[in-house]
Amino acid sequence: MDAQHANTYLIEPPRTQMLNRLWEFQRAKQYISDADIITLAKDYNISEIEIEGIVSFYHFFHRKPAGKYTIYLNNSMTSHMKGFNRILEAFERETAAKAGSTDPTGTFGLFLTPCIGLSDQEPAALINFYPFTNLNTLKVRNIITQLKKGVPLEEIYDKPKKNILFTTEDKASIFFSEFKSGSAISSLVALQPDGVINALRETRLSGRGGAFYPTWMKWQAAADEKATPKVVVCNADEGEPGTFKDRVLLHDVPETVIEGMIVCAYAVGASFGLIYLRAEYTWLQNRIEKALQRYRDKGLLGKSCGGITNFNFDIRLQLGAGSYVCGEETALLESAEGKRGEPRTRWFYPVQKGYLNLPTVVNNVETFSAVTRIVELGVDCFRSYGIEKSPGTKIISVSGDCKYPGIYEIEWGMTLGELLDKCGAEDPHYIQESGPSGTVLTLDEQDVPFAMFAEFFSQHIRCGGALTIFNKNRDILDILLNYADFYKKESCGICTPCRAGNYFIERKLERLKNGLANHEDIEELKQWSIIMRHTSRCGLGKTATNSLINTIEKFEEYFDGMIQQDKSALNVGFDMEAAIRDYEEFKN
Amino acid sequence: MAKRVNITIDGRNILAEEGRNLVEVASENGFFIPSLCYFETIDPPLGTCRTCTCRINGKFSPACTEKVREGLTIEVNAPDLKDMRKALVEMMFAEGNHICPSCEKSGNCDLQHMGYELGIAISRFPHLFKDRLIDYDAKRMIMEHNRCIKCMRCVVEIKNDDGKNVFSYQNRGNETYVGIDYKEEKKLTREQAVHAMNICPTGAIIVRGESYGMPFGFRKFDKKSTRPDYGTPVKNNNKRNGKPAKKTIATVSLAGCFGCHMSLLDIDTELLDLVELISFHKSPLTDIKEFSKRCDVGIVEGSVCNDENVETLRAFREHCDLLVAVGECAIWGGLPSMRNSIPLGECMEEAYLNCVTSEEGNTIIPYHKDLPKMLDRVYESREIVKIDYFIPGCPPDAQHIWKAVKNLLWDENYSILYSEFKYD
Ligand SMILES: Cc1cc2nc3c(=O)[nH]c(=O)nc-3n(C[C@H](O)[C@H](O)[C@H](O)COP(=O)(O)O)c2cc1C
Ligand code: SF4
Ligand code: SF4
Ligand code: SF4
Ligand code: FES
């Protein structure tokens, strides 16, 4: 495989093959057996408990058979809005498997998983990692009937629609216009590394993974590092619920992503590249591998990339195994090294000590794509879109209560109201930007523009890539409970505020749901959220309560309507009937 | 020698060696920053517990993962930071199942110590009561998962002579626990095993035959506190002349062992003075069953385990100006709450049918309309009514209780000694 190919550019220790080995076992018999664990422990000369720890970290790895057909049904909010419950019932009825287990014959395994990057085509599921979209009960029955008849999955899966619905007013597109491989690489020698970094500086390109860290600064820091070899990592873990922009880029224009990595390698002096692809996008793996091979065949990857002497660079693709936190750059590096995906501390930054402790640049798919276009089209062309401090365009994945869910490539500066119009938002009430870790917006903010940095306006929406629209009929508490459950399960568990905090928050929200909360509970929710924000180790815990804090601030009347109004609160909400139910039942 | 740089901690200028760990530099200069996962020899630092969170150059950040460098400005003792750090330790108590009076590590436990140092009387978070195993299957060690705070020390530090890890995290999120490798554990030398127990900041790793080496009362944290305010005399600022007004107190023991009531009476002859000033109304001490007047203070011992407890507690709230929860059971459930991770049915069967003293076939689970109904789990008193004050301890020291109660009744100030607060 390409692993060997790439290995000549960096000697990766065998341990880095850990996830791939586990995938082999998992695919071969739909689970990882005791014997497999012993084999791996021997091969890598580490303790069995360490292997168990890795297996149990990733939710696509199973220690019990997970069915000849392993079904993962998305249980994110967009799925719930489009009928998740009915679909789950249909799967349970047709397969005879209960959620979280297999049917008695072991043919079907049915599991729930958070957002699989198909929010524009929900309800959606993966069966042996083949996508099935726009499900309804009839469709579920058909799929299962076919599978029972032995029809191969390749023949019946849905090719997800690309759904690119809007690309700037003059129908021009930076990201999706035609691209000829090598057209950015051909300008590299003229630009020189400094020129590349300068171009990024002039276009103010900032990290599209959501943190908006200036890309040129990261690359400059990596270029300045003395240690070699250096590594370029593409973060294709796109796990933020409601986000699917990277999916469309990787599907439609994977060349621009690959070429962005090559440009980066040239600019910082790296010799090894890694694309960390989330397992939910396994169906894109082949496409990307093929694109990589085309690059190698054309001499654009490998020894003397693009004919540039002494520029040797190749890329390996690493598949994840089901974990949202692995999108966090340092967790991603741990995972790629074949470990549990636990975020590192800031003792070192990835550009100092990243993958295998080598200087490493980690960037998002869209960031690399933008880099390619900047080098290809030139700084001026890029800057002719957008606004002064936020040049260019931004890809936003729109889903939820709107007529036209899909991909919108907007110019920075467009307002929320304009985008809501474009996508045919239906009675928008609670608008989630950048997924659960982002900000909650209301119609009061219609005139606020999307932008990376504050400009002449006081407010701006720094959208990482998702806009999820909820109408008035959606229960806000259901949304918050869904998020809380998501974070509770996806927390890596190594730091206290996030591991325990998300659990406490969920408990409190349940109290609220059961009508037992009073104003002090709301106050505590807010305080606990703020503690989590300030003390968590990585972005997951820091942002897990963003939506909750926003909701408490912006939807005060909503909460007022559901809490007990006795201000003295001498008697605390307590449901006696529920508390003695067990006793009454046991008695009988 | 390494370069020396200027840093500022809480406004004080300090000259320190560049690159050193901030927690250590702060501590050498007399700033107490709580820490639980930090361990001098582990490099890079773990940064998992977050109890060392400070404001560093304006940003919230753990001190233990910060290298000292020129111009660093650190805030340690701002009220919001103190509260945040306290909250983190409270989280650990609410997340695990910590029953100090029966713990081998008590007195040597960093977590317990931190609880005392930060003056934690109660966790603001609801106890999770997760059902956790105690793993007896390893040869040398017992893993008490109820007590682990996932600090990661053992995971990175303990290797056997083959260089293999003995401990590793399993699962993720709130399901995370530290797994122990039975095969590799067997190969640990006695010293290595004891080292594992000693670096564990809690009582999660217990080495058989080694855990009671030092008797209680003489252990690391039993005698002293780094907090200056324990035991410092507090000026009595009450301006009352003559005899204080007589007050009425009610007391109750819900699901408790009456230990707190025993402790209440454990003030020897002072009791005689007190009777002059206090009259007990509804209380096991007077055997008055019903409230017939308002009381100034209600003292609640014990947790809430049946519907009658709920009614009693509500009556206390109705008739008392102030409610004080005394002892761990009232505060968070205490010993009775050990049943909270077991289904009610199983508990009843175990207690009435399967226990050693019951004769097979001859015992029943008693049901009668006059018998209280068991709740699905044991509740904390503040889950039922608003509780105004909490006095921790199992049981709390008599002086501690009375000093606090007197303060509530007559505004008299007292200082609590470390030995009175740390009483277990
Ligand atoms: C919990 C968490 C999940 C993340 N998931 C992703 C992701 O799926 N894709 C991504 O590009 N960045 C993700 N990030 C951000 C990365 O840590 C990192 O900032 C980014 O990959 C850097 O690339 P950029 O500068 O090009 O945005 C995540 C961060 C956190 C804290
Ligand atoms: S914040 Fe959550 S995900 Fe991040 S390190 Fe802590 S426990 Fe892990
Ligand atoms: S580990 Fe420490 S805090 Fe927990 S029960 Fe034991 S002594 Fe108490
Ligand atoms: S067992 Fe002890 S040392 Fe290991 S993680 Fe838990 S608390 Fe830390
Ligand atoms: S001591 Fe700093 S995070 Fe634990």
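Okay, some housekeeping before we start. Residues count from 1 along each chain as its sequence is written, chains are lettered from A and ligands numbered from 1 in the order in which they are written, and side-chain values use heavy atoms, with hydrogens and water left out. Since we're looking at a predicted model, local features need pLDDT of at least 70 and side-chain atom pairs count only at pLDDT 80 or more, while totals for chains, interfaces and linings use all residues.

Let's begin with where the chains meet. How many residues of chain A are in contact with chain B? We get 58 from chain A, against 70 residues of chain B, where contact means heavy atoms within 4.5 Å. Together the two chains bury about 5500 Å², with 60% of it on carbon and sulfur atoms; that's the accessible area, with a 1.4 Å probe, that two parts lose on being put together, summed over both.

Now for the charged pairs. Chain A and chain B share 4 salt bridges, meaning a side-chain nitrogen of Lys or Arg within 4 Å of a carboxyl oxygen of Asp or Glu.

Helices here are DSSP runs of H or I with at least four residues, strands are E runs of at least two, and both are numbered from the N terminus. H24(A) supplies the largest share, 9 residues. By class, that side of chain A has 25 nonpolar, 18 polar and 15 charged residues. For the classes, Ala, Val, Leu, Ile, Met, Phe, Trp, Tyr, Cys and Pro are nonpolar, Asp, Glu, Lys and Arg are charged, and the others, Gly among them, are polar.

On to the ligands. A residue is near a molecule if one of its heavy atoms lies within 4 Å of it. Ligand 2 has 13 residues around it, and A:Cys492, A:Cys495, A:Cys498, A:Cys538 and A:Gly541 come nearest. Its shell divides into 8 nonpolar, 4 polar and 1 charged.

Over in chain B, the residues surrounding ligand 3 include B:Cys100, B:Cys103, B:Cys109 and B:Arg147. That shell is 6 nonpolar, 5 polar and 1 charged. Around ligand 4 you'll find, among them, B:Cys148, B:Cys151, B:Cys154 and B:Cys200, in a shell of 10 nonpolar, 1 polar and 1 charged residues. B:Thr202 shows up around ligand 3 and also around ligand 4.

Last, some local details. The structure holds 29 aromatic pairs over all chains: rings of Phe, Tyr and Trp (its six-membered ring) with centres within 6.5 Å, called stacked if the planes are under 30 degrees apart, edge-to-face if over 60, and tilted for the rest. A:Trp23 and A:Phe61 have ring centres 5.2 Å apart and planes at 65 degrees, so that pair is edge-to-face. A:Trp23 sits in helix H2 and A:Phe61 in the loop between H4 and strand E1, so the pair ties together parts 38 residues apart in sequence.

There are two cis peptide bonds to point out: A:Glu122 to A:Pro123, with omega near -10 degrees, and B:Asp43 to B:Pro44, with omega near 0 degrees. A:Pro123 is in the loop between strands E3 and E4 of chain A. And A:Asn128, not a glycine, has a positive phi of about 45 degrees, in the loop between E4 and strand E5.
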